[in-house]
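Let's take a walk through this protein together. Have a look at the structure below, and then we'll go through some of its features.

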Amino acid sequence: MPVIAEAQPNIALIKYWGKRDEARNLPAVDSLSLTLASLRTRMSVTFDEHAEKDLLTINNEIAPGMLARVSDCLDSVCGCRRPRASVVSESNFPIGAGLASSASAFAALVVAASHGIGQTLTTLALARLAGSASGSAARSLFGGIVALRCGPEEINLDPLAEAADWPLEVIVAVTEEGQKPVGSGAAMQRSAYTSPFYSAWLSRQPADFRLAVDAVAARDFAALAAVSEHNCLKMHSVMWTSRPAIVYWNAATLACMETVRALQRDRQPVFFTIDAGPQLKAVCLPDAASVVRDALDQTEGVLRTLQSGLGAGARILRP
Ligand code: PMV
């Protein structure tokens, strides 16, 4: 009998870039994110005592390339003596393209697997398990606006606001559908070893994180906008100054940034953020959403836009 869980991707405003402990996949910095509502990954896990191997299907295709990571995650949730599993993942948005598909996938996977094996774990325990597979996945266990803090031995998560407490809209400008050239894990490692800006990035992160937490508490959109854009550009500066350089942007990403700047000059409450991929995410107050979406739709190089409010954390759909 399959267990089905669903999770939404989250978009970091204060970014996680770099690991403190590679083996345990512990982030080097605190981060803060928005969990989306309308993009989603549905994960079905069926344990089979008689099966000899795990099997992974992503969006109707067998996916051997991702299987080892999924099997490791199942081991960490259920133990190495667990029965093998058939895992079927379906996302309603492009995967591996900088839209945090690994966050929603691993968040849904730990929820489905732990339920399937009959465990009752706290959301924090599930988030830590998801985080050991993909750092950003820990945040998708919670809805709304989420803070992830690095403790000495483990991460802690703190939902700062429910989706309804501060309704924000996110417009994603999709500028390329393909998979990203370098995965975020390898890219972070490269940055840590080679970027001359990496140590500055680490040392300035606590101040950005505090500013963002305070901005959320005060519902101060302008303050959140300023620190989020700055933090995003700082992370990309670290990427650009890695050797070889990691540049996820394309011409349309820059054009979208210009569009957001023009909207800001028109006093629209909107700001941008960009992750490990060429898509730009514009965060705005709900009243500005249609103007922002129209402007991004008309920006050269934008293939399509997606829109989402803030949503809930990962959960079981069918036991
Ligand atoms: O969780 P990962 O390994 O896919 O890394 C996520 C990295 C960024 O999306 C660029 C930043 C973040 O905090 O989500």
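Start at Pro244, which sits in the loop between α6 (221–240) and α7. Keep in mind that you're looking at a predicted model. The peptide bond that runs from Arg243 to Pro244 is cis, and its omega is near -10 degrees.

Another loop to check out is the one between β3 (19–21) and β4 (26–27), where you'll find Asn25. Asn25 isn't a glycine, yet its phi is positive, at about 55 degrees.

Now on to how helices pack. Two packed helices are described by the angle between their axes and by how far apart those axes are. Take helix α7 (residues 251–265) and helix α8 (residues 289–297): their axes come within 10 Å and cross at roughly 145 degrees. The crossing of α7 past α8 is right-handed. On the α7 side, the contact is made by Cys256, Thr259 and Leu263, while α8 brings in Val291, Val292, Ala295 and Leu296. Sort the residues of this contact by class and you get 6 nonpolar, 1 polar and no charged.

What about charges, then? Side chains of opposite charge can pair when their charged atoms come close. Counting nitrogens of Lys or Arg side chains within 4 Å of a carboxyl oxygen of Asp or Glu, the model has 15 salt bridges. One of them joins Arg40 and Glu6, with the closest N and O atoms 3.9 Å apart. Arg40 lies in the loop between β5 (31–35) and β6, and Glu6 is in strand β1 (residues 3–7), so this pair ties together parts that are 34 residues apart in sequence.

Finally, let's look at empty space. You can find where it's left by rolling a probe the size of a water molecule over the atoms. The largest pocket here has a volume of about 950 Å³. It's lined by 47 residues, and the closest to its centre are Arg69, Ser102, Ser134, Lys180 and Ser184. Which helix or strand gives the most to this lining? That's α2, with 5 residues. Several others supply at least two residues each, including β6 (41–48), α1 (64–78) and α4 (184–194). By class, the lining has 23 nonpolar, 17 polar and 7 charged residues.

Notes: Residues numbered from 1 in each chain as written. Predicted model: local features only at pLDDT ≥ 70, side-chain atom pairs only at ≥ 80, totals over all residues. Heavy atoms only, no water. 1 Å grid on protein atoms, 1.4 Å probe; cavity = no way out; pocket = protein on both sides within 12 Å on 5 of 7 lines; lining within 4 Å. Points joined across faces, edges and corners; volume = space filled by probe spheres on them. Helix = DSSP H or I, 4+ residues; strand = E, 2+ residues; numbered from the N terminus. Nonpolar A, V, L, I, M, F, W, Y, C, P; charged D, E, K, R; others polar. Axes fitted to C-alpha atoms, helices over the stretch in contact; angles between N-to-C directions. Left-handed = near helix turned anticlockwise from the far one by under 90°. Contact = heavy atoms within 4.5 Å.
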